[in-house]
Structures are given as C-alpha cells and as structure tokens.
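User: I have a structure here and would like to know how the labels used for it are decided. Please set each value against its rule.

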Amino acid sequence: MTEADNKSANVLAQETAQLEEQLQAWGEVILAGDRVLRWEKPWFPGALLAVTSLLFLLIYYLDPSVLTGLSCSVMLLCLADYLVPTLAPRVFGSNKWTTEQQQRFHEICGNLVKTQRRVVGWGKRLCALKEEKPKVYFASVITSLLVMAWVGQQVHNLFLTYLIVSFLLLLPGLNQHGVISKYLGMAKREINKLLKQKEKKNE
C-alpha cells in the first residue's frame, strides 16, 4: 500500500469515527432501519412498499401546498431530532448493544462516508469535464436535463417521486440479495451477444 493509500485510509477512518460519534444517539434506530432495508425478514419489502404507498396516498389526498409540505417535513425532522435520542434507549435498550451491533454500525457509517465521497468525486469529475471539454459537458448536461424535463412532463410529479423513493428504499435489499447483479449480468450477456452478432455480420 502506497503512502497516498495510507493517507486516504487514515482520512476515511477519521471521517467514519466522526460520523459514528455524531450518529451514536441514533444507533439503535439506524440498525433497525438497516435490518428492514436489507430484508432480514421476507415480509420487509412488502411492508416498505405498503408504508410508502400509504404515505404518498395521504399526501395525494391532502394535496398540501409546497410551503405546507416543506414546513411539515422540517417540523417532523426537528421532532425526530429531539425525541429519538431520548426515546430510543428506552424502546430498544442500549444495555443490549453488542459487539456485532457495534461492528455493523461501524460498517454503516463507513458506507455512508464512502457514498459521500463518491458523490463529491462525481461533482469534481463534472467540474473537470466542464474545464477540459466544455462542449461535451454542455451537450451532456443539456441532453440529460431535456430527458428529465420530458419524463417529468409525461409522468405526474407525485407518482414519479413515489417511484423514485420506492426504488431507493428497495435498492439496499435488491443489492443484498443479488437481484441487481443478476440482472446486470444478464444485460451484459445480451449486449455481448448482440455485439458478437454484429461483428459476424460485418465480417
């Protein structure tokens, strides 16, 4: 391992430790959510979809304004930030915190830090593309935004948000159970077959 790799690993460990300290009060809730998102029980994905559907049906029925929805969301976040650290130890029992749970909590915090780094890295690469190849950057950004605008025009915004949220909530479980890698592998095999057929025709 090079000096740069060692430095990067040390920074990652420091950031992970800082995040663990910041989220320690939410530890039990995070672990419970992690078990649900990874589908430790077969009925968890159904429960996730049911709760998400109920929430979006409620939003559709109430049809709140943007300001009302934003205010209620921030209010719920403030209540959770105040109540969770107080109630979580009573509900889950911090005295039952095991080495395995601590290890899993450390892994979750590490994954969050790595995800944050990836997002920042994508932003830096986009900025680098803007500086090095402005035409490619302009064409890519405009095309992506046009596609997003067209999709948003074709699909109701609340339904589109429901689909995105549902997919993001199911994504950890799909990844954990190998569903994504399975279908990605199938797609790669089909693409390779098409490419080989095209090469044979050209020959």
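Predicted model: local features only at pLDDT ≥ 70, side-chain atom pairs only at ≥ 80, totals over all residues.

User: What does Trp 43 count as?

Analyst: Trp 43 has 52% relative accessibility and therefore counts as exposed.

User: What makes Trp 43 and Phe 44 an aromatic pair, and which kind is it?

Analyst: Rings of Phe, Tyr and Trp (its six-membered ring) pair if their centres lie within 6.5 Å; planes under 30 degrees apart are stacked, over 60 edge-to-face, and the rest tilted. The rings of Trp 43 and Phe 44 are 4.5 Å apart, centre to centre, with 70° between the planes, and the pair is edge-to-face. By this rule there are three aromatic pairs. Phe 56, Phe 159 and Tyr 162 form one aromatic cluster.

User: Why are α5 and α6 called oblique to each other?

Analyst: Helices are DSSP runs (H or I, at least four residues), numbered from the N terminus. Axes are lines fitted to C-alpha atoms, for helices over the stretch in contact, and angles run from 0 to 180 degrees between N-to-C directions. Angles under 35 degrees are roughly parallel, over 145 roughly antiparallel, 65 to 115 roughly perpendicular, and the rest oblique. The axes of α5 (residues 99-132) and α6 (residues 134-154) come within 5 Å and cross at roughly 125°. The two helices are therefore oblique.

User: Which residues of α5 and α6 make the contact?

Analyst: Contact means heavy atoms within 4.5 Å. Leu 126, Leu 129, Lys 130, Glu 131 and Glu 132 of α5 meet Pro 134, Val 136 and Tyr 137 of α6.

User: How do you know that Asp 34 has a polar contact with Arg 104?

Analyst: A polar contact is a pair of N or O atoms within 3.5 Å; within protein, one must be able to donate a hydrogen and the other to accept it, and residues adjacent in sequence count only if both atoms are side-chain atoms. The side chains of Asp 34 and Arg 104 are joined at 2.9 Å. Asp 34 lies in helix α2 (residues 27-37) and, at 10% relative accessibility, counts as buried.

Terms used. Residues numbered from 1 in each chain as written. Heavy atoms only, no water. Buried < 20%, exposed > 50% of the residue type's maximum accessible area, 1.4 Å probe, protein only.
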